[in-house]
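Subject: Handing over the structure we talked about

Hello,

Here is the structure I promised to pass on to you. Have a look at it first, and then read on for what I found.

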Amino acid sequence: MISKLFQFLSSLRLTVVLLGLGVAVVFFGTLGQTSDGLYVAQERYFRSWFAYWTPHGAAFPVVPLPGGYLLGTMLVINLLVAHFTRFKWTWSKSGIFLTHIGIILLLLGQLATDMLARESIMSFREGDTRNYSESSMDFELVFLRSAGSNTLDQVVSIPASRLKPGAELRQELLPFAIRVKEAYENARIRLRAPVMDSNRPPAATQGVGARIVIDEQPPTRTMDARNVPAAVIELSGPSSLGTWALSGELKSQTVTVEGTEWRLEYRPVRDYKPFALTLLKTTHETYPGTDIPKNFQSRVRLRNTESHEDREVDIYMNSPLRYGGYTFFQYQMGKEQLADGGRGTSALQVVRNPSWVTPYLGCILVGVGLLVQFLMHLTKFIARRKPRAA
Amino acid sequence: MKQRLPLIITALFAFWILGALRPQRDPEYAFGAFGRLPVVFNGRLQPVDSLARNSLTRIREKDTANLEPAKAWYERPKIISATEWLLTLMTRPEVADGWKVFRVDHPELKAMLKLPEPNPAAGEDGKHYSWNQFGETGLKQIEESSRNIQENKKDSSLRNAFDNATLGLYEAMTLYLRLKNTVHPQDTVRFAAEIADYQKTIPAGVKAFQQRMTGSGTFDTNALTEVFGHAERYFVTLRGEPPLLIPPASGGDATFAWQRMGEALLDPSFGAPLLKHLMRVPKAELSPEAAAEGIRLVGTRPLSPAVGHWAAMADAFRESQVAGFNTAVAGYQTYLESLRLGKALNKTAREQLYNSFAPFSKTASLYIVAFLFSCGFWFNFAEWSRKTSLHLVQLAFVVHTLGLIARMWLEGRPPVTNLYSSAIFIGWGAVGLGLILESFWKNAIGLAVATVIGFSTQVVAHNLALGGDTMVMLQAVLDTNFWLATHVVIVTLGYAATYVAGFLAILYVVLGFFTKVMTGDMGKSLSRMVYGILCFATLFSFVGTVLGGIWADQSWGRFWGWDPKENGALIIVLWNALILHARWGGMVRERGIMNLAIFGNIVTSWSWFGTNLLGVGLHSYGFMSGAFTALMVFVGSQCVLIALGLIPQAKWRSFSAATGGAAKAPAASAA
């Protein structure tokens, strides 16, 4: 029984089936991007164990598929079992061994990247200094209390995922409890028009919330737009502090409890760095007489007080800044501010990927392995033909 | 005689090709010299000849202008060069407007615009129409329908053939208008005299302008109106964003300082940036300091001497003064040389030579002829036929290679920079592989595959070239010769190899099923070829794909982003690996491998073209309905071939025992 199982797991037949399914998943995962957007399609087809493809407009799923995780795992098992049971090491098979080790490394490396890599955005205007980058997807509710001029601010942060309608949140540093009344994944806020919105009460009783309404939006899936979450919470200390509207579009609001001021912000999750970048200058060139971008470039000043580093760096397409385990890539450049006069804005993509080196290694191994194997085939083939030709 | 025939035939073709390199002589107007003059368009420096050919190709799908399209070729219709057409359009638009250069095919579009039906007697061929035939109402209709389509069908996959034809015609008309206003406003009668008039109004006008801006006392309204009247005329031409004609007077090779004619004309008075600012053109506002500087400079800048040269050429051509025109062109050339534009002039001269040589259309013809000779070899096994085919393919390969090198030299780039050049390069790679196969097997199979792929990719490239300039500048993210030279070249070679394997398999099925040519030996050697090529394809597509990942890691910090194009390349790798493993596992034999390899054609075409049509991701070029139809037809044809391949071999003409096809030994070669 067990030997049967091993035979199955090590078989070439399984390899061929897995490769075929791989073709199918990648194909449908590509098609899925047109309706779901890149991020959702990735989650659905490649970062999953099982997937199914639903044609545009169909009510029920049509093509069931194994997900990327399942296929990757099975391929790794298939390869490992085959090498431990079926394969015998010989020099003539060294190329195949190298190739397969490289493939395993690539698959594991991709998994590690999936688990460990973090992407965020650092966006600033010319002259601004940032020592943090912001998540492009996740938001957090933050309460800040300024603790005098010499000490650090007291900060309490609550991830947006915990803001579920009806939830009641307490934090010992906060002199009040939070009750979530409404929460939206994606919403726009606008000023409440007293006449037109006469049948809609303001979003909240306190702060700017008393003057706005929240319009829920369908969650966006495209690459170039992002969800802006919103919520309505009620704060209750010794007495009720009223309801407050939160939105990624709002600046900070202030709530006073027993004489101390707390600032209230709903903002992208921040990742602080032990160093700071200052945007000195943005350059945006197009080819003469066209709109084709020729160059996007940000000149930044990098300062690290601990290591006493202070230098200027240019970040542009295909030339990122690698520093402190992070890589900073030129990502976007504000267009409206680019005309003569205004301050330029720049957004850098910040990536931390501890396993970045595995694909390089894997690629070298597979490349060399394939080359060795096929060169051996070729020389054998030519040697065999020679006598005939002569 | 038969032994010499291959060389004689090849030599004849070689003479034909060399003939195209002979310098063209202009009996009257110096169109050749005019065509070499440099302009900047699509962000790159190019000869007028390229601008003319690319524009005309965009408008009428050919790079020459047939002025009497209703005449058959034997009636000798008047055909002029693209350069002559462009020069006429720029300087005598009233003449060019009567020429039938707009190609309109869609019947509904013709009906909407009330264009005449074919009628040779009246000079109508039912396909080509002149600007005048559209009339004012036609123009308006096209403009309105296009806007309607663009607003209501934003997603280009929703558009039907009529919509695309409408948008295509609208784009062609826009381009036509831009060109019309390149040298001077389209209603100009005597350009040099007009410029002189304008320059006379500048001193008084500028004085009035400055008095007005500083608010110091009264100013001469008439003088201001007069100079402004001129300036506005030139300003209006800028709206169409015509090509940049005027090199910086300081010289040098940088293209960013080139100006449009309108900008150069505005320099001595207000200057284009300030005028845009004052006229509140969106996104052209100046900061207060820049505006003040602009006002201070009003009336202080000289008029570029190049303007006068262009005016002389335009006026002479308009007045049909052959000698005057030729002198003016020579004068401008001398001026350009004095600007230290030597490098640019060299480049435009070579690009003009490349254009007139048209290497890829010549190789396409060679591939057809060579294919016929290789077929001839199978049906009577005459070695001279194969040799002829071989030499012709070798000749075509040399021309193909030279064409690629010329493009690389002109662009300063590795061979593949866009879809057009990928088609050329896939053809080149496939022909190279075919020649290698032929050197081993000498059975004309490698030649047949080389010629079929070589010709097909030229057809694809030709259709892609209808979109206009094939050497457009690269976006910032692609602006890296290292990755273009490694990732792109290797991945494209992977495509080429996969196609070669697929077409070898097609030969196996077609020759085996329909003819008695396929012997057991030939089948075995075909299957060896497919296997060898597949190994090569796997290596190249894998390494190319991973190099793409590394490029992405270097540019975006993401090794693998599941972008459609990346996925397409990955599918090719997976598919090739699948075929190899199926063979090693003994799951498929000769015929099975062939069928899998034919499916590889579908996989490769999906990766090459299909992923670009999805409209998502980094490699998206938008939906092209023509390409989509072509892709579907190709996929359908491959499915039919696979279906044929699935029919048991007993039913094939070559392998059926009844006809004895397989038993028949190949006749001894005639040589």
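Before the first finding, a word on terms: a helix axis here is a line fitted to C-alpha atoms over the stretch in contact, and an angle between two axes runs from 0 to 180 degrees between their N-to-C directions. Please also keep in mind that this is a predicted model.

**A pair of helices in chain B**

With that in hand, take helix α20 (residues 445–465) of chain B and helix α21 (residues 481–514) of chain B: their axes come within 10 Å and cross at roughly 115°. The crossing of α20(B) past α21(B) is right-handed. Which residues meet there? From α20(B) come B:I445, B:A448, B:V449, B:V452 and B:I453, and they meet B:Y499, B:V500, B:F503, B:L504 and B:L507 in α21(B). Sorted by class, this contact has 10 nonpolar residues, with no polar and no charged ones.

**Chain B as a whole**

Stepping back, chain B has 671 residues, of which 48% are buried. Its secondary structure comes to 25 helices and six strands. The C-alpha trace of chain B spans about 105 × 60 × 50 Å along its principal axes. Among contacts in chain B with a separation of 6 or more, 72% are between residues 24 or more positions apart.

**Its domains**

Chain B is divided into domain 1 (38–180), domain 2 (191–302) and domain 3 (474–651). The centres of domain 1 and domain 2 of chain B, taken over C-alpha atoms, are separated by 33 Å. Each of these two domains of chain B gives eight residues to the contact between them. On the domain 1 side, β1 (38–41) and α8 (161–180) of chain B each supply at least two residues. That side of domain 1 of chain B has seven nonpolar residues, one charged residue and no polar ones.

**Where the two chains meet**

How many residues of chain A are in contact with chain B? There are 50, and they touch 56 residues of chain B. On the chain A side, the elements that give two or more residues include α2 (12–36), α5 (94–116), β14 (293–304) and α6 (357–389) of chain A. The largest share of that side, 14 residues, comes from α2(A). By class, the chain A side divides into 26 nonpolar, 20 polar and four charged residues.

Enjoy exploring, and write back with any questions!

Best wishes

How values were computed
Residues numbered from 1 in each chain as written. Chains lettered and ligands numbered in written order. Predicted model: local features only at pLDDT ≥ 70, side-chain atom pairs only at ≥ 80, totals over all residues. Helix = DSSP H or I, 4+ residues; strand = E, 2+ residues; numbered from the N terminus. Left-handed = near helix turned anticlockwise from the far one by under 90°. Contact = placed C-beta atoms within 7 Å. Nonpolar A, V, L, I, M, F, W, Y, C, P; charged D, E, K, R; others polar. Buried ≥ 20, exposed ≤ 12 C-beta atoms within 10 Å, placed from the backbone. Domains from an automatic or database assignment.
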